[in-house]
Amino acid sequence: MDLKFIAKLHLKFYATLLIVFVAFLSAQAQRRSEEEIKRIQDAKVAIITNRLNLTPEQSTGFWPVYNEYSHKRKDIHRAQRKLINDKKAEGTTDEQVLDNLKEVQELRQKELDLEKEYQNRFLKVITASQVIELYKAERTFNDMLIQRLKQR
């Protein structure tokens with residue numbers, strides 16, 4: 001057999017093997033990332049549940065409302081990050097910078113309006129004291145998460 005032909009076959013084999021290996025590692029990393037996100041969400045639920053001391057009836061009414069609120073708030077935060085990250089390069093003139101600031105302020109107002117709306121919805125299923133504890137629990141959880149990220 002031709003030595004060059006054999007060398008090409010070996011090269012193709014190792015290239016294919018490398019591609020399969022990289023794909024495997026990528027899938028593992030994504031799976032690990034999804035598992036980590038799930039653990040974080042579970043920890044948040046545990047902290048909130050513990051701090052609010054929800055009754056079974058309250059829990060049934062609270063979690064669907066909270067999950068909806070949390071999802072909408074996450075969307076607003078994503079929009080804020082996207083705005084800040086996307087606009088960095090193009091925000092060179094004062095007018096562009098002011099437009100960006102206005103957009104960020106509008107998103108902050110949207111978040112405040114969302115909080116007011118959902119506070120009223122929370123009060124239909126939990127007490128005012130529990131709503132305060134919810135906000136404290138969220139702050140505690142976020143502080144803990146930031147500390148863990150700093151330790152990495």
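Trp-63 is buried, and Tyr-66 is buried too (buried means under 20% relative accessible area, exposed over 50%, partly exposed in between, with a 1.4 Å probe and protein chains only). Both residues lie in helix α2, three residues apart, about one turn of the helix. This is a predicted model, in which local features need pLDDT of at least 70 and side-chain atom pairs count only at pLDDT 80 or more, while totals for chains, interfaces and linings use all residues. Residues are numbered from 1 along each chain as its sequence is written, and side-chain values use heavy atoms, with hydrogens and water left out.

**Aromatic residues**

- The structure holds nine aromatic pairs (rings of Phe, Tyr and Trp, the last by its six-membered ring, pair if their centres lie within 6.5 Å; planes under 30 degrees apart count as stacked, over 60 as edge-to-face and the rest as tilted).
- Trp-63 and Tyr-66 form an edge-to-face pair, at 5.6 Å centre to centre and 85° between the planes.
- Tyr-66 also pairs with Tyr-69 in a tilted arrangement, at 6.1 Å centre to centre and 55° between the planes.
- Tyr-66 and Tyr-69 are separated by about one helical turn because they are three residues apart in helix α2.
- Tyr-66 has a relative accessible area of 3%, so it counts as buried; Tyr-69, at 1%, is buried as well.
- One aromatic cluster is formed by Phe-62, Trp-63, Tyr-66, Tyr-69, Tyr-118 and Phe-122.

**Glu-138**

- Glu-138 is placed in helix α4 (helices are DSSP runs of H or I, at least four residues, and strands are runs of E, at least two, numbered from the N terminus).
- Glu-138 counts as buried because its relative accessibility is 5%.
- Leaving aside residues up to four places away in sequence, Glu-138 touches Ile-48, Tyr-66, Tyr-69 and Arg-73 (contact means heavy atoms within 4.5 Å).

**Largest pocket**

- The largest pocket holds about 590 Å³ of space (on a 1 Å grid over the protein atoms alone, a pocket is an open set of points where a 1.4 Å probe fits, with protein on both sides within 12 Å along at least five of seven lines; lining residues have an atom within 4 Å of a point).
- Its lining has 18 residues, of which Gln-41, Lys-44, Ser-70, Lys-74 and Phe-141 lie nearest the centre.
- Elements giving two or more residues to this lining are α1 (3-52), α2 (56-87) and α4 (128-151).
- Helix α2 gives the most to the lining of the largest pocket, with 10 residues.

Conventions. Grid points are joined across faces, edges and corners, and a volume is the space filled by probe spheres set on the points.
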